[in-house]
Structures are given as C-alpha cells and as structure tokens.
Amino acid sequence: MTDRYCVFGNPVSHSKSPAIHAAFAAQCRQDISYQAILAARDGFAASVHSFVAAGGRGANVTIPFKEEAYRLATRLTARAQLAGAVNTLLFDGADILGDNTDGAGLLRDLSLNLACPIAGKRVLLLGAGGAARGAVAPLLDAAPAALVIANRSVARARDLAQGFGRSGSPSACGYRALAGQSFDLVINATSASLAGELPPLPAALFASGSLAYDMMYADGGTPFLAFAGEQGAARLADGLGMLVEQAAEAFLLWRGVRPDGAPVMAMLRPIDPGIAARR
Ligand code: ATR
C-alpha cells in the first residue's frame with residue numbers, strides 16, 4: 001500500500017519538497033506519495049491530526065510552523081530539542097516524534113557536496129533566529145577553530161551562544177564588531193535575503209579560499225551571495241543543497257534508507273552559472 005507523507009506550510013505552493021521526495025522515492029524504490037498541504041495559520045494542529053487520521057505516516061514542516069510542531073510532538077529527538085524547532089514528524093499511532101534535520105542537512109551539504117570540512121576553520125554564522133539555532137550544535141560538533149554568531153540584535157546572539165555553553169562555545173557580537181576579522185566560512189542564516197536585504201557586513205570578511213553560504217535558496221542568487229562575490233569569496237553556495245540534504249535525512253528517518261542527494265540537486269538546479277559553477 002502507498003504510504004502517505006506531506007509538507008505543512010503557509011505559504012506552501014512554492015515548496016520543492018514534493019518534487020524532491022518523489023525523486024527520492026523513485027531512486028530508492030519506495031512506494032510513497034507526498035503532497036504539499038496548506039495549513040491555516042491557526043490550524044496547524046488540526047491539519048496534522050486530520051492527516052494522521054487519514055493514514056499519514058510522516059510530514060515535513062516549514063514556515064511558519066516549526067516551533068508549533070516542536071510543541072505538538074509527543075517525543076523529540078535530541079537534535080530537535082537543541083534546535084527548539086521541528087521540521088520532520090513521524091507518526092506512530094498517537095505518538096508524534098519530532099525531529100530536526102536542518103542542521104544535519106547543512107553539514108552534509110558542506111562536507112559532502114561542497115567538500116568544505118569545518119574542522120579547524122574559522123566560521124561566522126549570521127543571524128540568531130530559528131535557522132541559526134538549528135545550525136549551532138552540528139557546527140560545534142564538527143570542531144571549528146572558532147564559531148562566531150553575529151546578529152543585528154546582539155542580545156539575541158548572546159542568548160543563542162550562551163545556550164551552547166560547552167567547550168568550543170561560540171562567541172557572540174553585532175555586525176560592527178566584525179570589522180577587522182576574516183573567516184573561512186560565512187553562513188547567512190538571517191531571513192534578510194527573503195526581503196532582498198543584506199545584513200550590514202564590513203568589508204574584508206572573507207578569508208582567501210573562503211566559502212560564502214546562504215541558507216536561503218533563490219533562483220538567480222541572493223543579496224548576500226552577490227556581496228560575497230564582490231568581496232572576493234572564493235566560492236558561493238545557496239541553500240538548495242541544504243534543502244535536498246535535510247529532505248534526505250527526513251526520508252532516512254521515515255523509510256530507513258538514505259537517498260543520494262546529488263542527482264536530485266542536479267535535477268532541481270536551474271541553469272544558473274553564477275552560483276552553480278562556483279560551488
Ligand atoms: P528564522 O526562523 O528564519 O531564523 P527568525 O527567527 O525570525 O527567522 O530570525 C530572523 C533572523 O534574521 C534574525 O537573526 C534577524 O535579526 P534580529 O534578531 O536582529 O531581528 C535576522 N534578520 C532579518 N532581517 C534582517 C536584516 N534586514 N538585516 C539583518 N538581519 C536580519
């Protein structure tokens with residue numbers, strides 16, 4: 001019998017998740033269906049419960065429901081707990097397992113697809129919201145030489161850094177305090193690109209050979225990647241790889257088999273020499 005999965009979001013019509021999971025299912029010979037479900041902003045829990053009642057086996061969760069999914073889950077994985085947000089649900093009777101595969105997806109994209117190991121690197125994480133929170137623990141686990149969290153609201157960056165008080169604990173600052181520092185990897189986890197904006201970054205942020213990574217994916221690039229290119233970052237990457245790899249990690253949780261993300265990324269990547277050629 002075909003097992004049902006979906007992604008809940010609002011808006012959700014733009015989501016690439018149905019295409020990604022259809023490709024994974026074909027690649028791994030899994031009999032599943034996957035649809036996008038538009039949940040009302042005040043109707044997420046009701047949408048989940050009716051999907052489960054109709055036989056749904058699992059779901060992805062996207063904007064703006066990741067925190068609500070965290071609260072709805074009856075059990076959480078350790079990485080979902082650390083992230084404070086859930087992007088993947090697994091249904092088993094009345095049990096709802098909440099997981100967060102975003103950080104793992106980011107790390108897999110960096111280490112496998114982009115051949116950018118984190119160990120010993122100076123890493124700058126821009127932003128201190130939900131997207132940044134999910135990335136901190138996996139980045140620290142990869143043993144960077146330094147992890148700096150910079151945010152418009154410095155207090156929010158400090159709160160985030162303090163939540164990970166352990167060896168290699170990240171430092172926190174505002175954008176101005178970055179002047180004079182350079183990094184091997186700069187990750188934009190702000191939502192600025194969504195609005196076509198750019199955090200106020202100082203010049204000379206990108207060390208020689210550095211990678212600029214925007215978690216946001218947009219056909220034609222993002223303001224952050226345009227800035228990084230002008231500033232001499234050696235490589236530019238948008239969030240398409242992270243999107244595919246977080247989906248592969250969710251597929252693994254649901255089906256027990258890990259799909260290969262590379263052919264699916266190639267299928268989704270439009271002809272965009274500006275970004276693709278420099279990955
Ligand atoms: P998300 O879940 O996408 O991370 P969020 O929790 O609302 O969304 O966080 C948005 C992040 O983008 C924050 O770090 C925010 O900075 P503040 O905490 O100072 O508000 C950052 N952000 C959004 N627009 C920005 C802009 N134009 N310039 C700089 N940072 C911006």
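Predicted model: local features only at pLDDT ≥ 70, side-chain atom pairs only at ≥ 80, totals over all residues.

Reader: ok, is R122 buried, exposed or partly exposed?
Author: R122 is partly exposed, with a relative accessible area of 30%; buried means under 20% relative accessible area, exposed means over 50%, and partly exposed is in between, using a 1.4 Å probe and protein chains only.

Reader: and what does R122 touch?
Author: If residues up to four places away in sequence are not counted, R122 touches A146, Q181, S182, F183, D184 and L185, where contact means heavy atoms within 4.5 Å.

Reader: how far apart are R122 and F24 in space?
Author: From C-alpha to C-alpha they are 34 Å apart, and in sequence R122 and F24 are separated by 98 residues.

Reader: F24 is new to me, so which residues make the contact between helix 1 and helix 9?
Author: First the geometry: helix 1, residues 17-28, and helix 9, residues 240-255, pack at an angle of about 55° with their axes 10 Å apart. Axes are lines fitted to C-alpha atoms, for helices over the stretch in contact, and angles run from 0 to 180 degrees between N-to-C directions. The contact is made by I20, H21, F24, A25 and C28 of helix 1 and by L243, V244, A247, A248, F251 and W254 of helix 9. By class, that contact of helix 1 with helix 9 has 10 nonpolar, 1 polar and no charged residues, with Ala, Val, Leu, Ile, Met, Phe, Trp, Tyr, Cys and Pro counted as nonpolar, Asp, Glu, Lys and Arg as charged, and the others, Gly among them, as polar.

Reader: how do the axes of helix 1 and helix 10 cross?
Author: The axes of helix 1 and helix 10, residues 261-268, come within 10 Å and cross at roughly 135°. That makes helix 1 oblique to helix 10, because angles under 35 degrees count as roughly parallel, over 145 as roughly antiparallel, 65 to 115 as roughly perpendicular and the rest as oblique. On the helix 1 side the contact is made by A19, I20, A23, F24 and Q27, and on the helix 10 side by G261, P263, V264, M267 and L268. These residues divide into 8 nonpolar, 2 polar and no charged.

Reader: what about helix 5, how long is it?
Author: Helix 5, residues 102-113, has 12 residues and reaches 15 Å from its first C-alpha to its last, which is close to the 16 Å expected at 1.5 Å a residue; the expected span is 1.5 Å times one less than the number of residues. Its buried residues are D102, G103, A104, G105, L106, L107, D109 and L110.

Reader: and which residues are in the contact of helix 5 with helix 6?
Author: The axes of helix 5 and helix 6, residues 130-141, come within 8 Å and cross at roughly 55°. G103, A104, L106 and L107 of helix 5 make the contact with G134, A135, P138 and L139 of helix 6, and by class there are 6 nonpolar, 2 polar and no charged residues in it.

Reader: what follows helix 5?
Author: Helix 5 is followed by A115, whose phi is positive, near 45°. A115 lies in the loop between helix 5 and strand 7, residues 122-126, and A115 counts as exposed at 55% relative accessibility.

Reader: changing topic, which peptide bond is cis near P11?
Author: The bond from N10 to P11 is cis, with omega near 5°, and P11 lies in the loop between strand 1 and helix 1. The peptide bond from I63 to P64 is also cis, with omega near 5°, and P64 is in the loop between strand 3 and helix 3.

Key. Residues numbered from 1 in each chain as written. Heavy atoms only, no water. Helix = DSSP H or I, 4+ residues; strand = E, 2+ residues; numbered from the N terminus.
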